[in-house]
Each structure stands twice: as C-alpha cells, then as structure tokens.
Amino acid sequence: MSEGESFGAGGAAGAGGARTGRPAPDGAGVVVCVPTFNEIENLPGLLARVHEALPAARVLVVDDDSPDGTGALADSLAARDPRVAVLHHRPRAGLGAAYVAAFTQLVAERPADVTEWIVQMDADGSHAPEDLPAMFAAADDADLVLGSRYVPGGRVVDWSRHRLGLSRAGNAYSRWALRLTVRDVTGGFRLFRRCALEDIPVTSVASQGYCFQIDMVLRAHRVGLRIREVPIAFVERARGESKMTGAVVREALWRVTAWAVRERLPARSPRG
Ligand SMILES: Nc1nc2c(ncn2[C@@H]2O[C@H](COP(=O)(O)OP(=O)(O)OP(=O)(O)O)[C@@H](O)[C@H]2O)c(=O)[nH]1
Ligand SMILES: [Mg+2]
C-alpha cells in the first residue's frame, strides 16, 4: 500500500503530448524521482544539488519505510519546500516496485500537463545532478535519455573490480540475450519524456529489484521509443550502504533469461 503527498501549487505550463523539445534550463516541468532506503545522510545534499542544477524542478522522494528515518526527514524537507513531495511506499518491496509506484502516480495524477519529463536517479550521490543539463541537451528528439557509463566519455569512479565486473557482465548478458543495442542497460540515471512513458504499461512491470532498469529499456525498445545515451561519470557512494544483494542479481538473471526465451519463441501473446 502506498500513501503519497502531492506537490505544492505552481508549475510551468507544458506542451501536453508534444514529442519534441526539452525543458527550460531552470527545469520547470521536470519531476526528479529519487528512491530511498536508508539514505538519511545523502538525501539533503542530493536535493540541494538537484535544485542548484535545476531550480524549478520538482522532486518526488519514494521511500520504503526506511528504518533510519529517511522518510520522516523527507517529509520535513517537503514541508519547507513546495518543490519536494514524498511517496511513502510500504512495505519495502524493492527498487523496481518503488519506481512503478512513483511512475504510476506521476502518469496518472495531475499535474499531468506540467510534468513534461520524469527523471530517475539514485539518492546516494552516484548520479550527479550537475549532469542533468547535458542529458537534457540530448533530449530534443528523444523519448528516453540514458545516463551511460559505457559509451565513450562515460566512466565509473571508485568501484571495486568485483562490482564493475558484475555490472559489465550484467550489461553484456542483457544486451546479448535481449538483442539490445544500448550500451548501459542497467544504469539508473534516466530521463523519460512523460507522454512517451505513457506508452509503456508501467503498472504491469513486475520486476522488483534492479532488473527494473533492464525491463524498462526492453519495454521502451519494444514500443519504439527513441533512446539516446549520454556519457556520465558514475561515482561510488561515499556514505550509507549498498542494497545490492545476491537475491537482486538472481532475480535479474532469471527474468532476463525468461524474457530472452519468450523473445525467441514464435508469435505468442505479449509479455505481461
Ligand atoms: N524506495 C526504495 N529505494 C531503494 C530500495 N533499494 C534501493 N533503493 C534506492 O535505490 C538507489 C540505488 O541503490 P544502491 O544501494 O545505491 O544500489 P546501486 O547504486 O545500484 O549499487 P551500489 O553501487 O552497490 O550502491 C538508492 O537511492 C537506494 O536508496 C528499495 O527497496 N526501495
Ligand atoms: Mg548506489
């Protein structure tokens, strides 16, 4: 069950279903979704950086009842700043489920006409809000812009060899199995053109963990969204703990394999 709070009044007039262009440089019409689980040390700094980069952007924090009080902190930040709202998503159901709840709310609920772009990014500082203007600069004729570690100019800073190897292997397997051409299939720093996101039946996404990222690229590819990749530097978190677990990796492995098998079967009903 989820309970949420809407943004304060205001916002830019948007272009409704227009499929070209990018937001104004101040970020009016942008909602940045930030999933949190035990990110109390990271959240205030991240929100400040987002608003430094895009002063008019709104931020939707999606907290899964963090035991460290991140949800309560987010509530107090939202009480002071109408650009910030919080979706309390309970019980904890994983990163994918948190994003499904947030995207469903944003697509279904007003201010539909003012939310032209939906951004997703981690709370731990690995994704730099300062990269958002460059990502939006590539958005004019795109529906989905991926912040990419694995295109020329992209990089990963301070990851262990093991963690980098896991990410590289997950990307290589997903690209091969699902016949995807984008380089960074598993990254979590993305811009969705809101009206294009409506083409993807987000509510039917069942991926609970990090394979949500792969699931969304596959769905975007299937419905013909225009996908662009922009190089980013991904920086290992400085504070707090990673939530990457063996269960998360196993879920991604079996789901990607199942999708790949279905892709190869002759004409069947679409995947749910
Ligand atoms: N709402 C919610 N957020 C989550 C959940 N699991 C992870 N997150 C958030 O998702 C983002 C990414 O999680 P991380 O643990 O940093 O994982 P990662 O960046 O893919 O991997 P690391 O390099 O290991 O940090 C962070 O903002 C987390 O707080 C969850 O179950 N619910
Ligand atoms: Mg992280």
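In helix 7, the buried residues are Cys-211, Phe-212, Gln-213, Ile-214, Asp-215, Met-216, Val-217, Leu-218 and Ala-220. Because 9 of the 12 residues of this helix are buried, helix 7 is largely enclosed by the rest of the structure, which here is a predicted model. The helix runs over residues 211–222 and reaches 16 Å from its first C-alpha to its last, close to the 16 Å expected at 1.5 Å a residue. Among the elements that cover its buried residues are helix 3, strand 6 (144–148), helix 5 (161–178), strand 9 (227–231) and helix 8 (246–264). Helix 7 is followed by Gly-224, which has a positive phi, near 80 degrees.

Seen as a whole, the protein has 8 helices and 10 strands, and 44% of its 272 residues count as buried. Of the contacts with a separation of 6 or more, 81% are accounted for by residues 24 or more positions apart.

The largest nonpolar core has 68 residues, among which Val-32, Cys-33, Leu-60, Ala-102 and Val-119 touch the most other members. Helix 3 (residues 95–108) supplies the largest share of this core, with 9 residues. Once its neighbours within four places in sequence are left aside, Ala-102 is in contact with Cys-33, Leu-60, Val-62 and Leu-87.

As background, an α-helix has 3.6 residues a turn, so residues three or four places apart point the same way.

Which residues come nearest to ligand 1? Of the 22 residues around ligand 1, they are Pro-35, Asp-64, Ala-98, Ala-123 and Ser-242. At least two residues of the shell are supplied by each of strand 2 (30–36), strand 3 (58–63) and helix 3. Sorted by class, the shell around ligand 1 is made up of 8 nonpolar, 5 polar and 9 charged residues.

The backbone also deserves attention in several loops. Most residues other than glycine have a negative phi, and most peptide bonds are trans. The peptide bond from Arg-90 to Pro-91, however, is cis, with omega near -10 degrees, and Pro-91 lies in the loop between strand 4 and helix 3. Asp-65, although it is not a glycine, has a positive phi of about 55 degrees, and its place is in the loop between strand 3 and helix 2. With 12 C-beta neighbours inside 10 Å, Asp-65 counts as exposed, because a residue with 12 or fewer such neighbours is classed that way. Asp-158 also has a positive phi in a residue other than glycine, with a value near 70 degrees, and it is placed in the loop between strand 7 (155–157) and helix 5. Asp-158 counts as exposed, with 12 C-beta neighbours inside 10 Å.

Terms used:
Residues numbered from 1 in each chain as written. Chains lettered and ligands numbered in written order. Predicted model: local features only at pLDDT ≥ 70, side-chain atom pairs only at ≥ 80, totals over all residues. Core = buried A, V, L, I, M, F, W, Y, C linked by C-beta atoms within 7 Å. Buried ≥ 20, exposed ≤ 12 C-beta atoms within 10 Å, placed from the backbone. Helix = DSSP H or I, 4+ residues; strand = E, 2+ residues; numbered from the N terminus. Contact = placed C-beta atoms within 7 Å. Expected span 1.5 Å × (residues − 1). Near = placed C-beta within 6 Å. Nonpolar A, V, L, I, M, F, W, Y, C, P; charged D, E, K, R; others polar.
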